[in-house]
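Please open the model in your viewer and keep the selection panel at hand.

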Amino acid sequence: MGIAKFEKISLNNFLESSNLTIDEYNELKLPKRATRYSAGYDFFMPFDLTLEPKETIKVPTGIRCKMDPGYVLMLFPRSSLGFKYRLQLDNTVGIIDADYYDSDNEGHIFIKLTNDSKDKTLKLKKGDAFSQGIFLSYGLTVDDDTDEIRNGGFGSTNR
């Protein structure tokens, strides 16, 4: 039944790609559904965060995802944070393809957030759920002939 598995990236990659510590790496929580019928897997803050109105941050989650071909992980802000703070992903919806797992950065999922409110400061504690990922299957056209290989994240396919 399962089509994917969340994992931590390596400690070395985590330390090189973030300003975070070994303790923060050890305390990372893998994404998890909140309830039995939740569609989304909650991603948790790896550190305390204060995000002022109109401020942006790129969050290194320390997480990667191995998934079967034919599936994509789509990332969204948690709806309550979007409703209260207009919290938005800078790319509107994050798309994590199955082949991202094998990238040089170990498929490290970064989530770039903006507090788009006019006057509300967003405060999140380490371990708070802030984003959610939903797995979807997708189809291919009958004349699809792509054989390129990905290496990297944001904009790595140069299209």
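With which residue does Arg-78 form a salt bridge? Select Arg-78 and Asp-42: they form the salt bridge, and their closest N and O atoms are 3.9 Å apart. A salt bridge here is a side-chain nitrogen of Lys or Arg within 4 Å of a carboxyl oxygen of Asp or Glu. Arg-78 lies in the loop between strand E6 (71–77) and helix H3 (79–85), and Asp-42 in strand E2 (residues 41–44), so the pair ties together parts that are 36 residues apart in sequence. Helices (H or I, at least four residues) and strands (E, at least two) are DSSP runs, numbered from the N terminus. Asp-42 is buried at 10% relative accessible area, whereas Arg-78 is partly exposed at 29%. Buried means under 20% relative accessible area, exposed over 50%, and partly exposed in between (1.4 Å probe, protein chains only).

The model is predicted: local features need pLDDT of at least 70 and side-chain atom pairs count only at pLDDT 80 or more, while totals for chains, interfaces and linings use all residues. Residues are numbered from 1 along each chain as its sequence is written, and side-chain values use heavy atoms, with hydrogens and water left out.

Next, select Asp-116 and Lys-54, which form a salt bridge with the closest N and O atoms 3.0 Å apart. This pair links distant parts of the chain, 62 residues apart: Asp-116 is in the loop between strand E9 (110–115) and strand E10 (122–124), and Lys-54 is in the loop between strand E3 (49–51) and strand E4 (56–60). Lys-54 is exposed, with a relative accessible area of 53%, and Asp-116 is partly exposed, with 22%.

Arg-86 forms a salt bridge with Asp-116, the closest N and O atoms being 3.0 Å apart. Arg-86 sits in the loop between H3 and strand E7 (87–89), 30 residues from Asp-116.

Finally, display the whole chain. The protein chain has 3 helices and 11 strands. Its radius of gyration, taken over C-alpha atoms, is 16 Å, close to the 15 Å that the globule rule (2.2 Å times the number of residues to the power 0.38) gives for 159 residues, so the chain is as compact as a globular protein of that length. Of the 159 residues, 40% count as buried.
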